[in-house]
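Here is a short briefing to read alongside the structure.

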Amino acid sequence: MRIGVFICHCGKNIAGVVDVKELVERASKLKDVVYATDYVYLCSEPGQKEIQEKIEELELTHVVIAACSPKMHATTFARAVKGVGLNPYLLEIANIREHCSWVHHDKPEIATEKAFRLIKAAVAKVRLAEPLEPIKVPLTRKVLVIGGGIAGIRTALDIANGGFEVYLVERTPSLGGHMAQLSETFPTLDCSACILTPLMVEAAHHKNIHVITYAEVKNIKGIIGNFKVTIEKKPRYVIPEKCTGCGDCMDVCPVIVPNEFDQGLGARKAIYVPFPQAVPLVYTLDLENCLNTQKLVVCEQCYKACGPRAINYLMEPQEIEIEVGAVVIATGFDLLPIENLKEYGGGKYPDVVTGLEFERLLSASGPTGGVVRRPSDGKIPKRVVFIQCAGSRDPEHGCPYCSKICCMYTAKQALLYKHVVPDGEAYVFFIDVRAAGKRYEEFVQRVMGEERIVYLRGKVSKVFQREDKLVVWGADTISGMAVEIEADMVVLAPAVVPSKGTADLAKLLKVSVDEFGFLSEVHPKLRPVESVSPGVYLAGAAQAPKDISETAAQASAAASKVLSLLSQKEATLEPIVAHVDKELCIGCGLCWKACPFKAITMVREEKREGKKRRRYAKVEEAVCQGCGVCMAICEKKAINVAGFTYDQLSAQVKALLEDE
Amino acid sequence: MVIRKPLNLAKFKVPKGRVIVLAERCKECGLCIEYCPKQILEYSEDYNEKGFHYPVVKAGMENECIFCLFCQEICPDFAIFSEKEE
């Protein structure tokens with residue numbers, strides 16, 4: 001056995017704290033270590049070359065690299081050693097940056113000792129390493145995209161244009177998502193629907209895209225390359241194939257309810273399409289508000305009015321099973337419920353509205369036809385106060401992060417308001433104006449300068465009603481004055497939060513979420529659109545608040561990741577999976593019960609002459625994720641995760657703890 | 001929680017009906033009053049010839065019938081029906 005140890009300076013990240021030369025000297029004395037060296041940046045091209053040359057020159061059989069976290073560069077170094085014919089599983093990485101130099105920068109001596117122990121432990125572990133080969137599994141060349149907003153549509157179109165089949169699942173009756181609700185988009189003031197509707201139609205008519213609206217993903221099983229998905233189609237009570245979208249049913253329906261698409265500012269009937277450009281243009285009967293129930297059908301006015309007889313009150317939920325090779329989550333965002341913003345009168349005064357509600361008031365296809373009217377009395381507001389960071393950047397509301405889109409959309413809304421109400425006054429309360437984006441700052445400057453909109457730096461403390469006006473109490477921190485504004489309408493920019501159901505979906509797909517519920521990427525810079533679950537990708541605001549341009553870019557990025565997966569012959573899986581030693585296994589079934597991925601089955605041995613057929617555990621390699629739960633629970637040490645065997649881990653721990 | 005009235009209500013038309021009660025057939029079971037989704041019916045002050053309070057449309061709600069025909073379907077005595085008003 002010939003082990004080589006390579007220690008990285010990482011510029012000053014490691015070498016600035018840890019005594020690298022000492023590490024080299026001590027490491028070279030370890031058992032089986034034939035060579036130890038240090039290098040300024042091992043991840044660089046010459047750094048990798050150095051490793052490769054030494055492996056060949058000294059005929060190294062095992063390699064230890066002491067550098068940054070394996071999350072960062074495990075694949076880089078694995079590729080490097082593989083390049084000269086060394087099995088990448090005979091490489092061990094000791095993390096002496098995140099686990100050592102970064103956290104112990106104030107105690108260099110102890111840090112050096114710790115770094116050495118980490119290297120020693122890695123050497124002890126790699127001495128017991130076995131070469132492993134990746135597991136190949138067949139690949140289903142179909143994709144599931146969850147969420148039919150701009151992110152989902154863009155991803156689906158890009159994948160479908162690449163020649164692969166896509167299932168695009170949307171929870172509401174129509175594609176479009178929040179983007180369909182917007183009036184104009186910043187900074188170009190393009191009409192949102194004009195950009196979006198052609199894409200919606202393209203997706204619906206694309207031969208490679210199956211659009212499944214008014215449906216939810218119920219269950220997902222399996223792994224990269226082979227997911228089995230159960231989708232529940234909610235009953236529309238309208239047969240989509242027969243519905244022509246004529247709207248005769250809607251005309252005769254006697255029930256009027258608030259339209260969710262218009263944020264309740266507009267009305268709809270109990271049988272409806274959320275908005276005229278809906279895709280697919282199929283009516284949906286909302287049985288909750290319909291006069292009929294599943295048991296009692298009395299009002300049949302829509303049924304009688306429907307020419308093609310498309311209405312069926314007895315429709316049941318329908319489950320469909322599909323198989324896909326990859327999943328893209330594009331479930332988008334919601335706004336923090338306005339009722340949570342009590343200090344601004346949210347949920348208390350009808351004329352305190354959210355940004356999304358104001359979009360509907362500005363939209364030409366909105367309930368007021370683009371005329372801004374107060375929800376309380378329908379009057380045109382002459383003085384509007386916009387409050388940014390309503391909940392965002394506010395730990396009290398559980399959202400310490402910046403929601404990113406509010407500065408821009410508030411500026412846009414103020415501008416559009418001034419265009420439709422030229423004699424109106426607009427005030428904007430802000431903490432900072434964050435306009436980092438192409439042409440964003442110029443846009444905000446234009447709004448502030450040319451449109452005569454008053455920007456007040458400071459927070460609002462209270463909003464309350466005085467007669468038919470809303471009084472806004474705030475502070476202008478630049479003049480240092482308390483401000484009181486009597487407004488006709490208050491527009492809040494509530495924090496952006498993950499959409500309802502994101503948490504359940506994340507659990508289903510074993511994707512991790514951050515403390516606010518947004519889906520986590522593997523690495524923000526190196527793998528920004530991949531989730532920790534292989535074969536599951538992220539697009540849009542479900543990952544973090546982002547605007548339309550960024551969402552579209554990320555959606556295309558996710559699509560390209562899916563395309564590069566699907567263009568391979570087979571899916572490749574990490575061979576870090578559990579193996580059972582049949583001789584040691586007593587067939588107790590503890591591991592079978594403990595396995596969170598249901599990768600273990602209990603089987604009986606083939607018939608043996610004169611002996612009893614023994615029971616033992618068997619691992620389905622393609623399902624096993626190598627979590628090690630089975631290994632921890634096994635009393636006989638009969639089940640081991642390859643690359644992390646019991647012997648390897650105990651050698652590692654022993655090396656860490658023992659003094660020289 | 002504030003309940004907002006949709007701003008474009010005027011644009012939405014619903015079918016209109018006119019409730020006709022055959023008072024002498026009524027036996028005051030109250031089903032129509034119970035089931036009317038718009039709650040536009042109430043018992044009459046008056047009695048019919050059998051001595052029952054029959055349903056009448058509440059004062060001021062004459063235009064509220066939406067022609068759903070719940071009352072007509074549910075009445076065991078064929079004593080109430082609605083006629084569509086164009």
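**How the chains meet, and where the cysteines stand**

Across the interface of chain B and chain A there is 1 salt bridge. Please keep in mind that this is a predicted model. The salt bridge joins Glu357(A) to Arg4(B), and their closest N and O atoms lie 3.1 Å apart.

- On the side of chain B that touches chain A, 15 residues are nonpolar, 1 is polar and 5 are charged.
- Between chain B and chain A, 8 residue pairs are in polar contact, with both partners at pLDDT 80 or more.

**Extent of the interface**

- The size of an interface is often expressed as the accessible area lost when the parts come together.
- For chain B and chain A, the buried area is about 2,100 Å², and carbon and sulfur atoms give 66% of that.
- Within chain B, the residues that lose the most area to chain A are Arg4(B), Leu7(B) and Phe12(B), which together account for 35% of what that side buries.
- Counted by contacts, 21 residues of chain B touch 33 residues of chain A.

**The disulfide**

- Over all chains, the count comes to 1 disulfide.
- Cys191(A) and Cys194(A) form a disulfide, with their sulfur atoms 2.3 Å apart.
- This link of Cys191(A) and Cys194(A) is right-handed, with 90 degrees about the S-S bond.
- Are its two cysteines buried or exposed? Cys191(A) counts as partly exposed at 27% relative accessibility, while Cys194(A) is exposed, with a relative accessible area of 52%.

- Cys243(A) is in no disulfide, and the nearest cysteine sulfur, that of Cys249(A), is 6.4 Å away.
- Cys243(A) counts as buried, at 17% relative accessibility.

Note on methods: Residues are numbered from 1 along each chain as its sequence is written. Chains are lettered from A and ligands numbered from 1 in the order in which they are written. This is a predicted model: local features need pLDDT of at least 70, side-chain atom pairs count only at pLDDT 80 or more; totals for chains, interfaces and linings use all residues. Side-chain values use heavy atoms; hydrogens and water are left out. Contact means heavy atoms within 4.5 Å. Buried area is the accessible area (1.4 Å probe) that two parts lose on being put together, summed over both. A salt bridge is a side-chain nitrogen of Lys or Arg within 4 Å of a carboxyl oxygen of Asp or Glu. A polar contact is a pair of N or O atoms within 3.5 Å; within protein, one must be able to donate a hydrogen and the other to accept it, and residues adjacent in sequence count only if both atoms are side-chain atoms. Ala, Val, Leu, Ile, Met, Phe, Trp, Tyr, Cys and Pro count as nonpolar, Asp, Glu, Lys and Arg as charged, and the others, Gly among them, as polar. A disulfide is a pair of cysteine sulfur atoms within 2.5 Å. Buried means under 20% relative accessible area, exposed over 50%, partly exposed in between (1.4 Å probe, protein chains only).
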